[in-house]
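Here is a briefing on sheets, helix packing and a chain interface. Please look over the sequence and structure first.

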Amino acid sequence: MIDVENLTKKYGEFVAVDDISFAVKSGEVFSLLGPNGAGKTTTIEVLQGLKTPTSGKVNVLGYDIYREEKKIKEQIGVMPQNFNAFERLTARENIQLIAEIYGKGDKVEEVLDLTGVKEFQSKLYLNLSGGMKTKVGIGMALVSEAPLLFLDEPTTGLDPQSRREVWNMIEKLKELGKTIVLTSHYMEEVERLSDRAAVIINGQIKFIGEVSTMINDYGGNVKLIAPKDEVTEAILGQEAKRVFDSNSKEGSITGIFTDKKNAKRAVIGLYEKDYEVKIIEPSLEEAFMTLSGSKINEEGELVT
Amino acid sequence: MNSFYALFKALIKNWLRSKSGIFFSILFPILLLVIFTAVFGGQEDVEYTL
């Protein structure tokens, strides 16, 4: 669906995207994960034909970005970052507008049902909540029946409940076979929705591949936290690579496991003796930390 | 042409639903016209002789 080879985009002397290569397969959700200013939006704006690359080869839906950018624009659905629509049109009218532009007036009902916009279709856009606005935005991107969708930080600024609703909707789109390119700085979002992801920092890709591979390879070790006594010390001491008194919870010990089989045996052993065990699995956050040496905070900033 | 018409329709609808938009683009200029006509209108030519 998308092939990018050695893409570079500069603004004057500033290198926003630095020699990146990746491919997006048909029917997958591919995420660009990175902090603010990493080059995620610039990359997808190049893919959408909105920005001309400084160098590199970019092919979207079989069309060359330099020569056939108009054809690409006709066949993609886009929900940009900080998306906005006509404020004094209703949710339905905004989707209807895009449908009419693309000659797909008959698809409006279907999209209203799929996105859940039907419930508030008669409300003016300016009176909608953040989550509702995002749903309208995704509806507007969908109604042209584009096989390829770009969602640029679709849940930034939303409350947890709305965020989950949007995730459910993106999962529905995935089931319908849409190819989705998503940008995000939320680990949970990328982990839940993506088939594959690229970690992008300062315009460079630090990792690309399946999210599960990233977690397994870089997500750290399994940790078990159990109440401290002779039994737990014996079980964890036998199976874990390292055992120490927990910092987070007084009166408990933590076992670090490099091998999942040992962790499993320890969990079974502890459960058989009726101990409450807290299991901390390798996470995408930990993987990101390993790859970048930093964390991303809620606002999308990189913090060390 | 269809896209142009759809966009035109949306723009007009969006504008018509904005009360302040309508006031400042239609009623306010008329109001100004009426006020200035009332204040400065109907004045006779004044002739000065030295």
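Which strands does helix α8 of chain A lie across? Helix α8 (residues 211-218) lies across β9 (196-201) and β10 of chain A, and runs at about 110° to β10(A). The model is predicted: local features need pLDDT of at least 70, side-chain atom pairs count only at pLDDT 80 or more, and totals for chains, interfaces and linings use all residues. Residues are numbered from 1 along each chain as its sequence is written, chains are lettered from A and ligands numbered from 1 in the order in which they are written, and side-chain values use heavy atoms, with hydrogens and water left out.

**Six-stranded sheet, chain A**

- Helices (H or I, at least four residues) and strands (E, at least two) are DSSP runs, numbered from the N terminus.
- Six strands make an open sheet in the order β6-β7-β8-β3-β9-β10, with mixed pairing; two strands pair if DSSP finds at least two bridges between them.
- β6 (76-79) and β10 (204-210) are the edge strands, and each pairs on one side only.
- On average, neighbouring strands of this sheet are turned by 15° against each other, direction ignored.
- Axes are lines fitted to C-alpha atoms, for helices over the stretch in contact, and angles run from 0 to 180 degrees between N-to-C directions.
- Helix α5 (residues 130-142) of chain A packs on the sheet and touches β6 and β7; contact means heavy atoms within 4.5 Å.
- The direction of α5 makes about 165° with that of β6(A).
- β7 (residues 148-152) and β8 (residues 179-184) of chain A run parallel, joined by five bridges.
- L149(A) sits opposite I180(A) in β8(A).

**Four-stranded sheet, chain A**

- This open sheet has the order β2-β1-β4-β5, and its pairing is antiparallel.
- β2 and β5 (63-64) stand at the edges with a single partner strand each, so one side of each has no neighbour in the sheet.
- Seven bridges pair β1 (residues 2-11) with β2 (residues 14-24) in the antiparallel sense.
- Bridge partners in β2(A) include I20(A) for L7(A) and F22(A) for V4(A).
- β1(A) and β2(A) form a hairpin with two residues between them, and G12(A) in the turn has a positive phi of about 65°.

**Interface of chains A and B**

- In chain A, 10 residues are in contact with 10 residues of chain B.
- The two chains bury about 930 Å² between them, 61% of it on carbon and sulfur atoms; buried area is the accessible area (1.4 Å probe) that two parts lose on being put together, summed over both.
- F86(A), R88(A) and E100(A) lose the most area in chain A, together 53% of what that side buries.
- Five residue pairs are in polar contact between the chains, both residues at pLDDT 80 or more.
- A polar contact is a pair of N or O atoms within 3.5 Å; within protein, one must be able to donate a hydrogen and the other to accept it, and residues adjacent in sequence count only if both atoms are side-chain atoms.

**Salt bridges**

- A salt bridge is a side-chain nitrogen of Lys or Arg within 4 Å of a carboxyl oxygen of Asp or Glu.
- One salt bridge joins the side chains of E100(A) and K9(B) (3.5 Å, N to O).
- This pair crosses from helix α3 (residues 91-101) of chain A to helix α1 (residues 2-16) of chain B.
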